[in-house]
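Visitor: I am new to reading protein models. Can you walk me through one?

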Amino acid sequence: MERVLTDFVKALRNANVRVSPAETLDAMEVIDKVGYANKGLLKRTLSIVLSKTPEEKDKFSSCFDDFFTDEIKAAVEVDLPDKKQTANDDSSDLAKTLMEGSQAEIMLAIADAGEESEIREIKYFTQRSVFTRRILEQMGVGKLEDEIMQMGSQNDGDVPSDLEQQLRSQLTGLRERVSDFVQQQFLLHGDVSGEQLREQVFKSMNMAQIDRSYLQEVHSLVRKMAKKLANMHSRRKKNFRRGKLDIRKTLRDNWVNQGTLFNLRWSYKKVDRPKILIICDVSGSVGAYARFMLMFLFSLTEVVSKIRAFVFSSNLGEVTQDFKDTQLEPAIEKALQKHGGGSTDYGQALSDFVSLCLDDIDKKTTVVILGDARNNFGPEKAHLMKLVYERAKQVYWLNPEGKYRWNTGDSVMRNYSAYCTKVFQCGSINQLERVIATLLRTAI
Amino acid sequence: MIDGPEKSIKEITEGFSKHGYICSEQIATAVYLASQLEKPILIEGPPGVGKTELANTAALHFQQEIIRLQCYEGLDESKALYEWRYGKQLLYTQILKEQMADVLEGAKGLKESLSRLMEFEDIFFSEDFLESRPLLQALSTENGAVLLIDEVDKADEEFEALLLEILSEFQISIPELGVKKAKVKPLVMLTSNNSREIGDALKRRCLHLYIPFPEAKLERQIIQARVPKIKKSLQKQLVAFVQGIRELDLKKQPAISETIDWAKTLILLNSEELDVQLATDTLNVLLKHQQDIEVVTKEVPRLISDSMGSPSGKSIN
């Protein structure tokens with residue numbers, strides 16, 4: 001029975017539920033206490049031991065239901081007629097196994113055929129039917145079908161012979177069993193949720209081309225990255241964990257030394273916590289990218305506490321509070337509705353930004369600008385950019401367009417990039433990841 | 001063997017309900033497992049679903065003392081584990097000064113004095129001078145205890161590391177005294193509101209119980225148990241109303257504790273039935289944010305008519 005559990009744990013891991021060996025041992029101990037007999041109880045107990053977040057509990061629940069279907073199957077098997085009828089001598093091997101062999105032998109035959117067809121390689125759920133077909137062929141179903149056909153043609157009467165009927169029903173049973181077998185193998189070996197595949201594809205795809213319905217998935221990806229960026233900051237603060245003497249604590253801890261101050265205690269207040277100001281262009285020219293950039297913006301506000309987010313097309317507005325209050329999609333819709341779609345005016349946006357929060361920019365502030373720098377040939381007001389650059393710790397510009405398109409047409413990237421610490425191309429998640437990696441390396 | 005756990009789980013459910021805590025099967029199973037495996041439970045869920053109450057009830061049920069450690073930012077070992085009683089130590093050294101002189105009488109030189117002093121035990125770092133804090137207390141009780149570590153997520157991440165030794169081995173290492181093992185392993189419950197992700201190391205060592213908002217049926221039972229004076233019809237209406245509110249997009253969903261408060265309020269106002277006026281006037285018991293109240297106020301008439309319709313529908317089930 002331990003085998004069942006380890007297989008189940010494997011299926012869980014495949015479904016992205018993280019289960020450690022120690023937890024597997026716990027599960028074994030629990031099963032000793034609870035037993036396999038009561039399925040509801042088993043499910044509840046294993047869910048307590050193996051899944052440790054609400055999301056994991058959901059995944060666990062569906063995985064458990066998929067995996068432990070045996071009961072139903074066992075019930076069906078009882079219903080099957082007792083067949084012990086001998087096949088003809090000239091029948092194929094498969095027919096013989098089906099007619100004469102025990103359940104275990106048939107399962108073994110399926111497993112063998114599965115091995116031959118390299119079922120372990122199964123990755124995606126679309127491959128299930130292919131593998132089912134392959135295993136059936138491997139077992140010689142084609143031949144059996146011919147045989148049954150032949151029997152039918154030999155038999156002139158309307159009523160098919162007993163043997164033929166039996167074989168037909170056995171064949172249907174076999175098909176079902178093979179497809180169950182493939183399903184189970186898929187749970188064990190495949191990329192069950194399809195998440196890995198999707199992540200791969202999404203990461204390399206240009207952001208403008210990803211369909212809106214995948215927003216949630218992409219969001220979780222972007223969120224992971226935003227978290228990385230945030231972690232960088234939280235690690236930074238540890239360096240600032242010394243500096244101020246905590247007199248109260250020092251006195252108390254040094255009572256032991258009769259009041260002589262041997263062990264000094266430092267205050268644990270974090271002195272520095274970097275601020276991020278992030279500005280996002282949502283005008284018509286970056287329309288396709290706007291969602292992606294807003295998503296990054298949103299994710300950052302989720303994981304970084306001291307952040308202010310702004311969006312603009314011509315006039316600039318702050319959206320920090322909106323983002324904090326609502327979910328991703330309504331927040332993005334609201335931001336787009338309020339500020340999006342208009343024609344770009346970087347000059348206006350910059351002067352709005354400066355008047356709104358220049359006082360807030362100091363040498364701990366990081367300013368990030370997301371946009372394509374296409375200014376509709378309007379005034380650039382690059383001197384404002386200079387002002388920001390001189391006050392802030394660092395200024396990053398992330399441009400979703402390909403590098404070859406910068407400075408073409410109305411793009412004035414070169415005028416702004418002079419006042420940036422660094423400029424990145426950032427059109428897909430992969431690129432975003434690279435940007436963040438660079439930021440992590442250089443920002444400290 | 002199969003009979004055993006089911007029976008004990010049922011006993012727990014019944015025992016808890018005697019103390020006014022109506023628990024789902026999932027909760028009872030978790031408590032059973034924790035007592036069987038002697039493992040801590042990490043309880044997560046939105047605020048107000050009865051996480052802390054579960055620990056209190058477990059203590060009543062098992063007739064054990066409850067020891068509570070409330071976590072907060074900056075909580076450290078001297079507040080959670082133990083601390084030396086420095087004041088007492090200082091006082092005693094002052095008092096014992098003369099005794100010291102007696103002991104040292106006749107000793108020549110520093111070396112001899114020191115070796116004489118060494119003959120005595122390290123009296124100032126013994127149990128008499130040890131102030132035990134909740135975690136150490138929980139390990140040293142004679143009859144076992146329920147240790148509630150409330151809102152672990154509020155404490156710093158470093159504090160989690162401090163808990164690991166206690167949670168897996170039920171022991172605390174005190175450098176001056178050695179390892180202190182639990183006499184009777186306490187039943188440990190940790191609660192978290194998920195204000196930050198709990199570390200994997202801690203999660204690995206715990207059973208994990210997630211308490212969601214209750215379903216209508218369970219919530220009705222809970223209200224009945226907690227506010228016995230309430231009329232059946234009002235109670236049904238009230239629960240249906242609250243369940244309706246939870247489907248709206250709110251900043252903070254009303255939890256069970258709020259439903260109970262609301263039920264008590266309605267009893268206090270001698271109301272027999274929920275109507276639009278009454279619901280609107282008392283919404284502030286249920287909702288804690290002005291924005292939420294505004295959202296719900298608009299929906300009140302619909303929710304009322306829904307909750308009026310549902311009791312008859314549900315009573316058939």
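Guide: Start with a term. Two residues are in contact if their C-beta atoms, placed from the backbone, lie within 7 Å. Keep in mind that this is a predicted model.

Visitor: How many residues of chain A are in contact with chain B?

Guide: 22 residues of chain A are in contact with 19 residues of chain B.

Visitor: Which element gives the most to the side of chain A that touches chain B?

Guide: That is α2(A), with six residues. The elements giving two or more residues to this side are α2 (21-34), α3 (39-50) and α4 of chain A.

Visitor: How do I describe two packed helices?

Guide: Use the angle between their axes and the distance between the axes. Take α1 (residues 2-14) and α4 (residues 54-67) of chain A. They pack at an angle of about 135°, and their axes are 10 Å apart. That makes α1(A) oblique to α4(A). Their crossing is right-handed. On α1(A), the contact is made by Phe8(A), Ala11(A) and Leu12(A). On α4(A), Phe60(A), Cys63(A) and Phe67(A) make it.

Visitor: Why do residues three or four places apart in an α-helix point the same way?

Guide: An α-helix has 3.6 residues a turn, so residues at that spacing point the same way. Now look at α17 (residues 346-357) of chain A, which has 12 residues. Tyr346(A), Ala349(A), Leu350(A), Asp352(A) and Phe353(A) are buried there. Seen down the axis of α17(A), the buried residues fall within an arc of 160°, so they line one face of the helix.

Visitor: What do the buried residues of α17(A) pack against?

Guide: They pack against β1 (275-281), β2 (307-312), β3 (316-318) and α18 (382-391) of chain A.

Note on methods
Residues numbered from 1 in each chain as written. Chains lettered and ligands numbered in written order. Predicted model: local features only at pLDDT ≥ 70, side-chain atom pairs only at ≥ 80, totals over all residues. Helix = DSSP H or I, 4+ residues; strand = E, 2+ residues; numbered from the N terminus. Expected span 1.5 Å × (residues − 1). Buried ≥ 20, exposed ≤ 12 C-beta atoms within 10 Å, placed from the backbone. Arc of directions from axis to C-beta. Axes fitted to C-alpha atoms, helices over the stretch in contact; angles between N-to-C directions. Parallel < 35°, antiparallel > 145°, perpendicular 65-115°, else oblique. Left-handed = near helix turned anticlockwise from the far one by under 90°.
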